[in-house]
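Here is a report on one protein model. Take a look at it first, then read on.

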Amino acid sequence: MEVTPAQRILSLSHLSAIGVPPPQFIDNAAFGGFDAVGLRVAQTAQDRGFQLRAGSALLRETKTALSDNGMRVLDVEVVKLHPGSSRADWSAVLEAGAELDASHLLVTVLDDDYSRATDNFAELAELSGEYGLRSCLEPMVFSSVRDMTAAAKFVLDARGSDAGVLVDALHFSRAGSQWSELDAIAPDLMPYCQLCDAPTDAPAADHNAAITEARTDRLAPGTGALPLVELLRRLPATAAVSVEAPSARSVTDPRGWTADLGRAAREVLKAAALAPSPAS
């Protein structure tokens, strides 16, 4: 398998082809030259994603696909912390993450009660650690934690939990974030990032449009206006890269789209490896 610059792990997020069952998704990711995958583990039958219950045939097939392709699971998602969240909401995702030997758990916050949300996050982070997962909070402009500055403060306020923050290139730009915000965050809080591209790097003007874009209408890395090389240069050299780029092609041609995403992401990684260090 091709080694990526700076020895970064290159992973494919399940949202890049959310309709593809995990075993085939893993096969496609290996075909596209990825080292790892992120899997969308559904909490209920109504959620987007796939339920990988202990002892299920789908879980066995998923583990076989990982082994056959020499792949690993970078992260499982998603736990959404809302006002009524409890351990019962998280258990299926945590159990699947442990079964798959995943490294990270992706978390979003949809609760505007800061004290309750940080308490829930602290409990989740502690519990996920018992399952071998590190919780990482993803800020989104349409969530209760909008940007990287808020996410870093939230994680640190959550009773010193061993959690991290996840920077997504699209959400970073749509929140109107500045490089100074990213530079102020301790490197060990940022174990991985998500890459995609978009026609513009302007802040979001409409939350509904931002939601639609994020879920269904992203570009391959390096084919739009997002400052991906600069973003990578400001992250730890060991930070893994997850490509998250849902699009119309991810529905009509998921295998071809996956291959294109792999090629595009490697080009961006090469450009970042050759770029000068960011100014201090």
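Start with Val76. Setting aside residues up to four places away in sequence, Val76 touches Leu39, Val41, Val93, Gly97, Leu100, Ala102, His104, Leu105, Leu106 and Leu133. Contact here means heavy atoms within 4.5 Å.

Buried means under 20% relative accessible area, exposed means over 50%, and partly exposed lies in between (1.4 Å probe, protein chains only).

## About the model

This is a predicted model: local features need pLDDT of at least 70, side-chain atom pairs count only at pLDDT 80 or more, and totals for chains, interfaces and linings use all residues. Residues are numbered from 1 along each chain as its sequence is written, and side-chain values use heavy atoms, with hydrogens and water left out.

Helices (H or I, at least four residues) and strands (E, at least two) are DSSP runs, numbered from the N terminus.

## Salt bridges

A salt bridge is a side-chain nitrogen of Lys or Arg within 4 Å of a carboxyl oxygen of Asp or Glu. By this rule the count comes to 16 salt bridges. Glu77 and Arg40 form one of them, with the closest N and O atoms 3.4 Å apart. This pair links distant parts of the chain: Glu77 sits in strand β3 (residues 72–81) and Arg40 in strand β2 (residues 36–40), 37 residues apart. Glu77 counts as buried at 4% relative accessibility. Arg40 counts as buried too, at 11%.

Lys153 pairs with Asp157, and their closest N and O atoms are 2.6 Å apart. Both lie in helix α5 (residues 148–157), 4 residues apart, about one turn of the helix. Lys153 is partly exposed at 48%, and Asp157 is partly exposed at 36%. Arg218 and Asp168 meet in a salt bridge as well (3.0 Å, N to O). Arg218 lies in the loop between α8 (207–216) and α9 (228–233) and Asp168 in strand β7 (residues 167–168), so the pair ties together parts 50 residues apart in sequence. Arg218 is buried at 2%, and Asp168 is buried at 2%. Salt bridges also link Arg249, Asp253, Asp260 and Arg263 in a network.

## The largest pocket

The largest pocket holds about 310 Å³ of space, where volume is the space filled by probe spheres set on the points, joined across faces, edges and corners.

Which residues are closest to its centre? Of the 17 lining residues, they are Arg40, Lys80, Met140, Phe142 and Arg215. The largest share of the lining, 3 residues, comes from β3.

## Ala272 in helix α11

Ala272 lies in helix α11. Ala272 is buried, with a relative accessible area of 7%. Beyond its neighbours within four places in sequence, Ala272 is in contact with Val229, Leu232 and Arg233.

Notes. On a 1 Å grid over the protein atoms alone, a cavity is a set of points where a 1.4 Å probe fits but cannot get out, and a pocket is an open set with protein on both sides within 12 Å along at least five of seven lines; lining residues have an atom within 4 Å of a point.
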